[in-house]
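Thanks for asking me to look this one over.

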Amino acid sequence: PSSEELDEYGRFKYEKSYQARFNCIEDNLVQKEINTFCSEHGIKTKSKPSTFFVSHDIDTIYGSFLQDGFWAVKNLKIGTILSILANELIRKPHWKNMDRILKLNSEYDVRSTFFWLVNKGAGEDNIMNADYNLTSEKALLKQVSDAGFTNGLHKSSSKMTLDVELEKGEIHTTYNRYHFLNFNPHSDWSKISASKLTLDCSLGFAERYGFRNSYGHVFQPFDIEENKPFDFVEAPLNFMDGTFHKYMKMPRSQIGDTIINFYEKNQENCHFSLLWHNTYFTDYKYGGFLSEYKKVMAYIYENRIGHLVPQQLVEEGKLEW
């Protein structure tokens with residue numbers, strides 16, 4: 001992409017995309033073409049019910065004191081200020097809430113994935129990495145794995161390779177999502193293929209929910225230069241809390257229904273990737289988002305919609321039609 005097609009963080013802009021140009025971000029166009037081709041050539045296909053893949057990027061766990069605190073002061077919430085101070089005193093920051101997320105997801109019988117940053121502080125492209133030192137937070141990763149959930153790498157904004165970050169973080173995973181979605185297929189798919197990763201979950205627009213590559217299924221990207229598929233699976237990102245909040249500025253009470261309605265229009269052959277940061281499981285600054293998340297989880301549970309863990313996504317992506 002040219003420089004004008006990239007945003008300040010080096011990401012491909014939604015406004016420059018095919019999907020924006022033809023207003024088709026909500027259309028599963030590739031699947032429609034597959035169905036048409038198979039129908040015209042008498043090829044029998046078997047549809048599968050659409051599923052969800054739920055994940056959480058852990059960017060910050062110590063930011064509540066300043067960010068929630070500022071919100072509380074600005075809104076004259078004296079009780080909230082006292083609560084935030086109390087949490088700091090007992091060393092239980094409001095955003096260090098993995099236990100709460102695990103408990104909540106377990107109630108809906110959903111096993112989610114936590115993506116962790118291994119580098120702290122300022123990174124490349126004016127992007128801030130973690131506000132925590134992963135080596136000091138191993139108890140949190142153990143808490144996740146002991147509960148039967150999955151840990152993954154949240155590739156930081158740095159010059160470190162994927163394998164070096166995997167080794168540094170000692171996360172023992174082959175699953176990744178790039179921090180800030182600071183990722184471009186033309187340059188990063190070859191890097192992923194050269195690493196130990198088997199699954200990447202970075203292909204999405206920060207500015208808009210939907211099908212970034214006009215396809216709802218996980219897939220193996222194709223290496224044009226080598227004329228063969230890359231040896232990993234890509235699980236495109238469809239929904240992110242920050243997309244609705246910071247970019248689309250959607251009223252919070254509409255987010256859950258938007259996700260549910262999108263699913264109901266695409267009930268077959270889609271693997272919907274839903275990202276909800278740990279910060280959005282909290283009150284105060286991000287109040288209201290938790291209830292929308294619960295709305296989606298309740299819908300998944302009550303309608304017996306399948307949810308997949310990373311290894312299942314890898315297996316699905318390598319299946320032949």
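**Notes on the helices and the sheet**

1. Let me begin with helix α5, whose buried residues pack against β1 (51-58), β2, α6 and α11. Please keep in mind throughout that this is a predicted model. The buried residues in question are Met98, Ile101, Leu102, Leu104 and Asn105. Looking down the axis of α5, you will find them within an arc of 170°, so they line one face of the helix. Just past the end of α5, Asp109 has a positive phi of about 60°.

2. From α5, the contact draws on Arg100, Leu104, Asn105 and Glu107; from α11, it draws on Leu290, Tyr293, Lys294, Met297 and Tyr301.

3. Next, have a look at Ser112, in the loop between α5 and β2. Is Ser112 buried or exposed? Its relative accessibility is 1%, and buried means under 20%, so Ser112 counts as buried. The side chain of Ser112 makes a polar contact, at 2.9 Å, with the side chain of Asn105. Asn105 is itself one of the buried residues of α5. Setting aside residues up to four places away in sequence, Ser112 touches Val54, His56, Asn105, Phe149 and Thr150.

4. Leu140, Leu141 and Val144 are buried. These three cover an arc of only 100° around the axis, which puts them on the same side of α6. On the other side of α6 sit Ala139, Lys142 and Asp146, which are exposed. What do the buried residues of α6 pack against? Their partners are α5 (98-107), β2 (113-116) and β3. After α6 comes Gly148, with a positive phi near 90°.

5. Now for the sheet. It is an open one of eight strands with parallel pairing, and the order is β8-β5-β4-β3-β2-β1-β10-β9. At the edges are β8 (233-234) and β9 (239-240), each of which pairs on one side only. Helix α7 (residues 162-169) packs on the sheet, where it touches β3 and β4, and its direction makes about 130° with that of β3.

6. Six of its six residues are buried, so β3 is largely enclosed by the rest of the structure. On one side, four bridges join β2 to β3, and these strands run parallel. As part of this picture, Thr113 stands opposite Thr150 of β3.

7. Which residues of β4 partner Leu153 and His154? For Leu153 the bridge partner is Asn176, and for His154 the bridge partner is Arg177. Within β4, Tyr175 and Arg177 point one way while Asn176 and Tyr178 point the other way, and all are buried.

8. My last point concerns Ser157, in the loop between β3 and α7. Ser157 has a relative accessible area of 5%, under the 20% limit, so it is buried. Although Ser157 and Glu124 are 33 residues apart along the chain, their C-alpha atoms are separated by 5.2 Å. A polar atom of the Ser157 side chain lies 2.7 Å from the backbone oxygen of Glu124. Beyond its neighbours within four places in sequence, Ser157 is in contact with Gly123, Glu124, Asp125, Ile127, Asn129 and Asn182.

Notes. Residues numbered from 1 in each chain as written. Predicted model: local features only at pLDDT ≥ 70, side-chain atom pairs only at ≥ 80, totals over all residues. Heavy atoms only, no water. Pairing = 2+ DSSP bridges. Helix = DSSP H or I, 4+ residues; strand = E, 2+ residues; numbered from the N terminus. Contact = heavy atoms within 4.5 Å. Axes fitted to C-alpha atoms, helices over the stretch in contact; angles between N-to-C directions. Buried < 20%, exposed > 50% of the residue type's maximum accessible area, 1.4 Å probe, protein only. Polar contact = N/O pair within 3.5 Å; in protein donor to acceptor, adjacent residues only side chain to side chain. Arc of directions from axis to C-beta.
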